Amino acid sequence: MRTMDRARVLEIDRVSVRFGGIAALADVSFRMGPGEVRGLLGPKGAGKTTLVNCLSGYQRPSAGAIRLGGADTAVLNLVNAETAAL
């Protein structure tokens with residue numbers, strides 16, 4: 001993978017989010033490369049909004065990692081996430 005492409009790769013690695021005893025997300029993993037488009041489908045309560053909130057930096061995962069170009073996005077806040085084009 002070229003360096004420029006690597007900077008745009010989004011990796012979701014075993015992301016889980018728990019609210020008390022409820023698992024909103026459990027070990028979600030996928031990878032997106034430049035130009036890829038993904039959709040989130042599922043019934044109410046499936047965790048779609050929770051995943052988007054994690055991707056945007058609004059919600060922190062309980063476990064797992066979200067990386068953009070190999071860098072952990074846990075250090076990003078909402079303003080930095082917008083700059084990083086998340």
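Helices here are DSSP runs of H or I with at least four residues, strands are runs of E with at least two, and both are numbered from the N terminus. Keep in mind that this is a predicted model.

With those terms in hand, find glycine 47, in the loop that runs between strand E2 (22-32) and helix H2 (48-56). Its relative accessible area is 12%, and because buried means under 20%, glycine 47 counts as buried. Who are its partners? Setting aside neighbours within four places in sequence, glycine 47 is in contact with Ala24 and Leu25.

Now for the charged side chains, where the count comes to four salt bridges. In one of them, aspartate 13 pairs with arginine 67, with the closest N and O atoms 3.1 Å apart. Aspartate 13 sits in strand E1 (residues 10-19) and arginine 67 in strand E3 (residues 63-68), so this pair ties together parts that are 54 residues apart in sequence. Aspartate 13 is partly exposed at 32% relative accessible area, and arginine 67 is partly exposed at 22%.

Another salt bridge joins arginine 14 and aspartate 27, at 3.6 Å from N to O. Here strand E1 supplies the arginine and strand E2 the aspartate, so parts 13 residues apart in sequence are tied together.

Arginine 38 and glutamate 36 form a further salt bridge, their closest N and O atoms being 3.3 Å apart. Finally, salt bridges with shared partners join Glu11, Asp13 and Arg67 into one network.

How values were computed:
Residues numbered from 1 in each chain as written. Predicted model: local features only at pLDDT ≥ 70, side-chain atom pairs only at ≥ 80, totals over all residues. Heavy atoms only, no water. Buried < 20%, exposed > 50% of the residue type's maximum accessible area, 1.4 Å probe, protein only. Contact = heavy atoms within 4.5 Å.
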